[in-house]
Amino acid sequence: VDKAGALAYGRPIKASKVRGRAGVGQMTRGQVAFSTEDRQVFDDGEAFGASGAYERLGGKVHVRVDPASVPEGAVADLALASLGPDGLIACTADFMILKPVDLGRGNGRLFFDYGNRGNKRALQFFNDAAHSNAPLTRAHAGNGFLMRRGYSIGWVAWQADLLPGGGRMLLDLPVARINGEAVAGLVRTEFIADRPGVTSFPLSARITTRSHPAVSLDTRRAKLTRRRYPGSQPFVIPPERWAFAREEAGIGLDNAGEERAVVPSATHIHLADGIQPGWIYELEYEGSAPLVLGLGHAVVRDAIACLKSDSPENPLLHEGRGAERAYAWGRSQTGRCIRDFVHRGFNANPGGGRVFDGVFAHVAGAGRMNMSRFANLTVAGSQQYEDHGN
């Protein structure tokens with residue numbers, strides 16, 4: 001317990017970073033507003049035992065983070081995030097909640113699923129349900145394990161470098177800026193093709209992950225190499241043999257069959273001769289516009305704190321109270337994220353008490369998350385062959 005009375009549960013935060021001595025259930029200077037844009041009956045209104053029927057809420061949670069509430073040194077480039085007139089940092093995340101229609105019939109507990117790369121996984125693993133990023137039907141309820149026990153199940157986006165599609169949970173965070181200009185710097189990334197015929201890759205190396213745009217399309221200002229194994233000597237690929245570009249394909253006119261075009265792109269790499277499968281290609285280039293990724297922890301912290309509070313913004317508010325307890329579960333990447341969340345001190349609610357009352361990091365190994373400048377959160381978890389530098 002630190003001097004201001006906040007339970008740290010991880011790396012302690014300095015007393016000067018805690019505003020006041022608020023008790024559990026109170027909010028800090030930061031602001032949270034849940035905007036429900038979609039509300040539907042879950043599983044056609046079928047009752048789950050004593051818990052009764054469930055409903056699904058979805059929309060946006062708008063979080064204005066107080067920089068003074070962030071544990072010291074826990075967020076890279078925090079000072080480079082733009083502040084609003086109120087001195088807070090504006091962030092917006094997708095959220096979804098499955099809850100009893102009558103919260104009085106629930107167990108007062110929130111089961112929080114850290115979405116893996118934006119995908120909802122808890123119902124699949126705990127309810128033996130069919131996977132869906134828009135759970136609504138009997139198939140998505142599975143055996144009803146969590147519902148029959150009265151849990152509210154929640155999701156809030158935490159990973160800001162995902163691209164839209166597939167119903168993934170998205171988070172909007174500020175870009176790191178100096179004097180209004182997006183920060184630029186050296187970016188390193190690896191590409192490995194798993195089949196012949198691949199000629200283009202996004203600079204993030206993953207189709208669903210945001211790339212840091214190249215400052216210049218001049219390949220002479222970058223360096224591309226390839227090597228057979230992680231410890232092998234790299235071979236430099238001459239700048240005239242590749243481009244910052246992407247290949248597009250489509251049906252041509254006048255029965256010409258498939259047509260292809262190479263389009264200049266600040267977020268893609270293209271090799272006309274193809275990317276040889278199994279080889280490790282490594283690109284170093286000047287990129288720009290890194291997101292302040294660590295704020296994702298603050299968004300989750302403040303959103304969950306709100307769901308446990310007596311705030312009128314709380315969609316789990318019942319008889320003047322929010323959720324009594326909150327538990328977090330994450331698998332693989334999100335298990336590492338949970339471990340990182342606790343390690344960096346975000347499980348301390350600046351308003352008093354702890355955020356999650358229990359966490360379960362499932363098959364997460366021993367790692368945490370790299371949320372430094374120009375980080376890519378979607379990595380392969382340092383496999384035997386790839387991503388040794390992440």
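## Exercises on burial, strand pairing and salt bridges

C337 counts as buried, since its relative accessibility is 0% (buried means under 20% relative accessible area, exposed over 50% and partly exposed in between, with a 1.4 Å probe and protein chains only). The model is predicted, so local features need pLDDT of at least 70 and side-chain atom pairs count only at pLDDT 80 or more, while totals for chains, interfaces and linings use all residues. Residues are numbered from 1 along each chain as its sequence is written, and side-chain values use heavy atoms, with hydrogens and water left out.

**Exercise 1. Find how many disulfides the whole structure holds, and classify C306 by its accessibility.**

Step 1: a disulfide is a pair of cysteine sulfur atoms within 2.5 Å, and a search of the whole structure for such pairs finds 0.
Step 2: C306 has 0% relative accessibility and is therefore classed as buried.

**Exercise 2. Describe the place and the surroundings of H270.**

Step 1: H270 belongs to strand β15, which covers residues 268-270 (strands are DSSP runs of E with at least two residues, helices are runs of H or I with at least four, and both are numbered from the N terminus).
Step 2: the relative accessible area of H270 is 6%, and H270 is therefore buried.
Step 3: once neighbours within four places in sequence are set aside, the residues in contact with H270 are T199, S200, W242, A243, A245, R246, E247 and V262, where contact means heavy atoms within 4.5 Å.
Step 4: for T199, the backbone oxygen lies 3.4 Å from a polar atom of the H270 side chain. A polar contact is a pair of N or O atoms within 3.5 Å; within protein, one must be able to donate a hydrogen and the other to accept it, and residues adjacent in sequence count only if both atoms are side-chain atoms.

**Exercise 3. Work out which strands pair with β2, and in which direction they run.**

Step 1: two strands pair if DSSP finds at least two bridges between them.
Step 2: strand β1 (residues 31-41) is joined to β2 by 10 bridges, and the two run antiparallel; here R39 stands opposite L57 in β2.
Step 3: strand β3 (residues 89-100) is joined to β2 by 12 bridges, again in an antiparallel arrangement, and R64 stands opposite A90 in β3.
Step 4: β2 itself (residues 54-65) is mostly covered, as 9 of its 12 residues are buried.

**Exercise 4. Compare the setting of the salt bridges K60 with D94, R221 with E286, and D340 with R344.**

Step 1: side chains of opposite charge can pair when their charged atoms come close. A salt bridge is a side-chain nitrogen of Lys or Arg within 4 Å of a carboxyl oxygen of Asp or Glu, and the structure holds 22 of them.
Step 2: K60 and D94 meet at 2.5 Å, N to O. K60 lies in strand β2 and D94 in strand β3, so the pair ties together parts that are 34 residues apart in sequence. K60 is partly exposed at 27% relative accessibility, whereas D94 is buried at 13%.
Step 3: R221 and E286 meet at 3.0 Å, N to O. This pair links distant parts of the chain, 65 residues apart, with R221 in the loop between β10 (200-202) and β11 (223-227) and E286 in strand β16 (residues 280-288). R221 is exposed, with a relative accessible area of 52%, and E286 is partly exposed at 33%.
Step 4: D340 and R344 meet at 2.6 Å, N to O, and both residues are buried.
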